[in-house]
Amino acid sequence: MPIPLPSFDSQACAKTLVELLSIPSPTGFTHYAMAYVEEKLKALGLNARYTSKGALLWTLKGQDSQQARSVAMHIDTLGAMVKEIKEEGRLKLSKIGGYDWSTIEGEYCLIHASNDQIYSGTVLNTTQSAHIFGPVLAELKRSEDTMEVRLDEVVHSEKDVRDLGIEVGDFISWDSRAEHKPNGFIKGRHLDNKASVAICLEASAAFLRQGLKPLYDIHFFVSNYEEVGHGAATGIPSETKELLCLDMAVVGEGQQGSEYQVTICSKDSSGPYDFEMTQKLKKLAKDYQLAACTDIYSYYGSDASAAWRAGGNFKAALIGPGVDASHAYERSHIQALEATGQLLLAYCLNP
């Protein structure tokens with residue numbers, strides 16, 4: 001019989017996720033979201049610590065402290081920066097992270113100005129009015145040169161915008177529009193990868209609620225630069241023997257995963273993950289009768305692959321909850337959060 005798991009509260013996890021989704025955190029601008037996680041940890045009686053790069057760590061002491069594992073996830077999201085202030089007062093964008101311009105057209109956004117003021121706006125293309133541009137609108141290629149932000153402020157010039165305190169290099173975040181539906185669906189921008197952060201917080205709470213310890217020390221590592229490729233390249237504790245990365249699982253054509261289960265990723269664009277560790281996760285999913293599958297992601301990289309590229313001397317594997325429409329307006333289900341949380345708990349308790 002498998003070791004009994006602590007009870008994973010999927011509703012509490014979903015609540016944490018929706019709250020976290022409401023906090024802007026594009027790569028390089030994650031301090032507000034990190035502060036939220038720090039407060040959640042403080043309420044659990046756990047001490048958070050930061051790396052010099054700004055990643056956040058906490059540790060659950062194990063039954064055997066002679067060994068250590070790490071669990072990595074990222075809190076940074078897609079977003080943009082002000083690339084240029086146009087003559088008429090609109091803002092040109094520079095992308096943070098990889099996404100198609102069409103996925104943000106019409107989206108509400110916030111501009112985090114250099115003077116700490118926050119302004120709202122809308123992402124539009126430069127020929128947005130169908131009554132003026134007609135067929136040109138449908139044929140327009142969405143790109144950095146054809147997308148802009150319309151500020152919700154009375155501005156008529158570049159000077160008007162600068163007078164608000166907005167400057168080139170200021171961060172722009174997208175409105176998540178997060179919702180938790182009564183039937184269990186959770187939708188919004190940035191489930192990648194705040195879903196995994198919420199799962200790790202709830203898994204930690206599950207151990208503490210029931211006075212249980214994982215088998216080995218577990219270091220939880222929240223990275224802040226994953227969307228630009230180097231999140232966990234440094235900062236993983238040196239005593240780590242295995243690194244389990246939690247990130248969103250790809251759902252769509254050609255994939256086995258779904259919004260209702262956890263996926264074990266055996267390979268992504270960086271290559272295969274550790275065979276023995278991946279097999280162990282598959283066996284745990286089977287032993288605990290979890291809704292799980294195995295998949296390969298063709299256009300994907302993770303904190304684990306970043307850590308390996310930087311010379312990480314440990315085994316690494318990747319799991320995550322199924323997320324539909326990745327890097328757009330995403331959706332998952334509470335069942336996927338629960339299955340991922342249970343697999344994480346099983347991993348923490350078993351050799």
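Which helix gives the largest share of the lining of the largest pocket? Hi everyone, let's work towards that together. One note before we start: this is a predicted model.

The answer is helix α8, residues 303-309, which contributes three residues to that lining. The pocket itself holds about 410 Å³ of space. There are 21 lining residues, and those closest to the centre are Val250, Tyr299, Tyr300, Gly301 and His327.

Now for the second largest pocket, with about 200 Å³ of space. Its lining has 20 residues, and closest to the centre you'll find Ser22, Pro24, Trp174, Asp175 and Ser176. Strands come in here: β6 (108-112), β7 (118-125) and β9 (171-174) each give at least two lining residues. The largest share is from β6, with three residues. By class, this lining has nine nonpolar, eight polar and three charged residues.

Last stop, a pair of helices. Helix α1, residues 10-21, packs with helix α2, residues 31-44, at an angle of about 150 degrees, and their axes are 10 Å apart. Angles over 145 degrees count as roughly antiparallel, so α1 is roughly antiparallel to α2. On the α1 side, the contact is made by Thr16, Glu19 and Leu20, while α2 brings Ala33, Tyr36, Val37 and Lys40. That contact comprises four nonpolar residues, two charged and one polar.

Conventions: Residues are numbered from 1 along each chain as its sequence is written. This is a predicted model: local features need pLDDT of at least 70, side-chain atom pairs count only at pLDDT 80 or more; totals for chains, interfaces and linings use all residues. Side-chain values use heavy atoms; hydrogens and water are left out. Axes are lines fitted to C-alpha atoms, for helices over the stretch in contact, and angles run from 0 to 180 degrees between N-to-C directions. Helices (H or I, at least four residues) and strands (E, at least two) are DSSP runs, numbered from the N terminus. Angles under 35 degrees count as roughly parallel, over 145 as roughly antiparallel, 65 to 115 as roughly perpendicular and the rest as oblique. Contact means heavy atoms within 4.5 Å. Ala, Val, Leu, Ile, Met, Phe, Trp, Tyr, Cys and Pro count as nonpolar, Asp, Glu, Lys and Arg as charged, and the others, Gly among them, as polar. On a 1 Å grid over the protein atoms alone, a cavity is a set of points where a 1.4 Å probe fits but cannot get out, and a pocket is an open set with protein on both sides within 12 Å along at least five of seven lines; lining residues have an atom within 4 Å of a point. Grid points are joined across faces, edges and corners, and a volume is the space filled by probe spheres set on the points.
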